Amino acid sequence: MTAVDAVLAGAARRRRAPGRSVPRPGVLVAAAVLALAACVAVAPGLLTDAAPTDIDPVHALVGPGTDHWFGTDQLGRDVFTRVVYGARTSLLLGLAAIGLAVAGGVVLGLAAALGGRSGERIITWLTDVLLALPPVLLALLVVAVLGAGTANTVVAIAVALVPVYGRLVRTEAMLVLRSGYVEAAVGLGLRRGVLVARHVLPNALGPVLVLATVGFGTALMYASALSFLGLGSSPPSPEWGLMLSEGRDFLQTAWWIGVFPGAAITLTVIAVTVVGRYLQARFAGRAGR
Amino acid sequence: MRAVGPVRRRERTLLRAAGRRLAGAAAVVLGAATLAFAALQLLPGDPVAVLLGPATSASPQVREQIRADFGFDEPLPVRYLHYLGQLVTGDLGRSYQRQQPVTTLIGEQLWPTVQLVAASVTLAVVVAVVSAVVTTGRRSALRTLVELVELVALSTPHFWLGIVLLTVFSFRLHVFPAAGAQDLAALVLPAVTLALPVAGVLAQVLREGIETALEQPFVVAARARGRSRLGVRLRHAVRHAAAPLLTLTGWATGSLLGGAVLVETVFGRPGLGSLTLQAVTSRDLPVVLGVVLLSATAVVVLFTLVDLAQLALDPRLRTAAAL
């Protein structure tokens with residue numbers, strides 16, 4: 001999704017916001033959903049008394065009802081409780097992956113912007129190569145090299161997303177480097193390191209962080225996709241993608257095991273996308289370019 | 001004869017621009033191959049042991065022979081050139097696990113995935129064009145609804161959409177089979193699953209493009225000449241809006257190829273996806289690299305073709321600045 005949002009962000013800069021189509025109440029609802037997800041991730045105990053790994057074989061595969069809002073799974077674990085506890089894992093995975101991708105993008109982008117002609121060529125080439133690889137396949141390749149596991153999937157997703165941010169940081173840093181105040185700072189004799197840390201980075205980072213909001217949704221989606229494929233979190237961890245993959249075997253008899261965790265992923269990603277695009281639109285309006 | 005001069009010059013600049021784009025594409029493919037070679041070097045373990053498999057009683061002499069045959073003794077640059085040479089002749093190496101050439105394995109699984117991706121592309125483009133053309137320039141409940149559906153579609157993970165469609169259409173209504181790739185009916189649900197998220201994105205970009213085009217002066221001119229609203233939209237605006245849509249071709253192909261891995265897993269379909277997933281799980285790197293290199297090449301070729309087509313179609317891109 002990130003590449004598309006870059007395209008739409010470009011459109012927003014030219015003319016108007018892509019987020020204009022989402023009315024203000026929609027943004028508020030989306031922000032509320034995100035706030036709820038964050039609260040649940042911090043304190044899952046507020047919404048449910050049970051534990052995500054409580055097994056109750058007598059009440060296995062019970063459909064959604066007043067006792068179990070989202071039903072129970074094949075081991076009698078409460079699906080609602082597991083979805084609530086899964087928020088922390090899933091959100092953290094997405095956050096870690098996008099954080100790593102942005103950090104990598106800053107390093108690559110600044111190196112390209114400041115590294116002179118040859119440095120720029122090499123990094124641009126590398127970015128082009130990475131952008132040509134489909135992100136999901138690139139992530140799978142990294143997992144094949146590093147092996148499966150939660151930490152490795154975070155690295156894999158970061159590698160898959162890093163070229164977008166590298167390119168964006170480079171573009172923004174070039175814009176800042178050409179501005180008058182950087183010229184003035186150079187004229188005042190500021191050292192290169194101080195110049196980058198105090199002027200270039202803070203001014204180049206704004207649009208990057210705004211795009212990273214939407215990218216967080218993408219990262220969350222990829223993280224659950226890799227767990228769904230059996231390469232990320234391992235059972236009995238309540239991770240949304242993993243729960244979905246466990247639920248796949250029971251679709252015929254107990255649809256609720258897989259459908260509710262998936263709905264949680266989708267709802268979070270929608271909310272992130274709406275809020276992210278709203279921020280993009282606002283930022284584009286304020287920066288006036 | 002007088003006209004030949006400027007035409008020749010224009011042809012030459014066009015050719016030069018096309019040459020530059022082709023060189024860029026070749027550089028990217030070379031980069032992907034280099035990355036693949038680097039990945040092969042990064043994998044821990046003795047390649048000979050991996051090639052021979054775990055249960056082997058090969059003598060040290062045999063191992064040395066294999067080592068020499070495969071060129072593992074050669075210095076790094078020689079191995080690199082050897083690897084590139086292999087790729088050029090269409091040799092993607094041998095699978096560690098299945099002891100078969102990677103090209104054979106990919107060839108066996110290619111057709112179901114090509115079918116799936118082709119069906120999804122067609123579906124996504126049709127859905128996107130219809131929903132964008134019908135709803136541009138209107139402030140109506142229909143448009144709000146369509147935009148909401150697009151937003152939901154592009155935010156929905158393939159694997160969840162697939163599971164919901166399976167639950168409803170296979171297990172509740174029994175309209176479509178739940179697994180397999182035996183006939184067209186089995187293709188419907190996977191193709192819809194793969195197409196919808198991409199269609200949501202394409203529709204948004206296309207609508208944005210049409211609306212930008214409708215603000216251009218030539219639209220007013222066309223309207224003043226007496227063309228109808230719909231006529232302007234179909235004859236002029238869509239053509240302009242196609243440009244940003246076409247630049248997304250590379251992204252969409254990559255997205256569909258990546259999504260195919262997930263969709264094939266959900267529906268238990270044979271294809272490149274299941275091949276890739278098995279290879280990733282067993283860390284059979286040559287197979288994964290084969291699929292990745294093939295996809296990257298497909299993306300680059302499509303992207304370059306689109307780029308060249310735009311160069312030929314849009315005169316504005318041929319000005320000196322754009323070249």
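R283(B) has a relative accessibility of 31%, so this residue counts as partly exposed; that class runs between buried, under 20% relative accessible area, and exposed, over 50%, with a 1.4 Å probe and protein chains only. The phi of R283(B) is near 55°, a positive value in a residue other than glycine. Most residues other than glycine have a negative phi, and most peptide bonds are trans. You will find R283(B) in the loop between helix 12 (272-281) and helix 13 (285-313) of chain B. Helices here are DSSP runs of H or I with at least four residues, strands are E runs of at least two, and both are numbered from the N terminus.

Before going on, a word on the model. It is predicted, local features need pLDDT of at least 70, side-chain atom pairs count only at pLDDT 80 or more, and totals for chains, interfaces and linings use all residues. Residues are numbered from 1 along each chain as its sequence is written, chains are lettered from A and ligands numbered from 1 in the order in which they are written, and side-chain values use heavy atoms, leaving out hydrogens and water.

Chain A has a backbone feature to look at too: the peptide bond from P235(A) to P236(A) is cis, with omega near 5°. P236(A) sits in the loop between helix 8 and helix 9 (240-248) of chain A.

Stepping back to chain B, its secondary structure comes to 13 helices and zero strands. Of its 323 residues, 43% count as buried. Take contacts (heavy atoms within 4.5 Å) between residues at least 6 apart in sequence: in chain B, 72% of them join residues at least 24 apart.

The largest nonpolar core has 147 residues, and L140(A) and Y165(A) touch the most other members. Such a core is a set of buried Ala, Val, Leu, Ile, Met, Phe, Trp, Tyr and Cys residues joined through side-chain atoms within 4.5 Å. Helix 8 (residues 192-228) of chain A gives the most to this core, with 16 residues. Domain 1 (25-91) and domain 2 (110-317) of chain B both contribute residues, so the core lies between them; these bounds come from an automatic or database domain assignment. Leaving aside residues up to four places away in sequence, L140(A) touches L226(A), L229(A) and L231(A), along with V261(B), T276(B) and V280(B).

Finally, L110(B) is found in helix 5 of chain B, and at 32% relative accessibility it counts as partly exposed.
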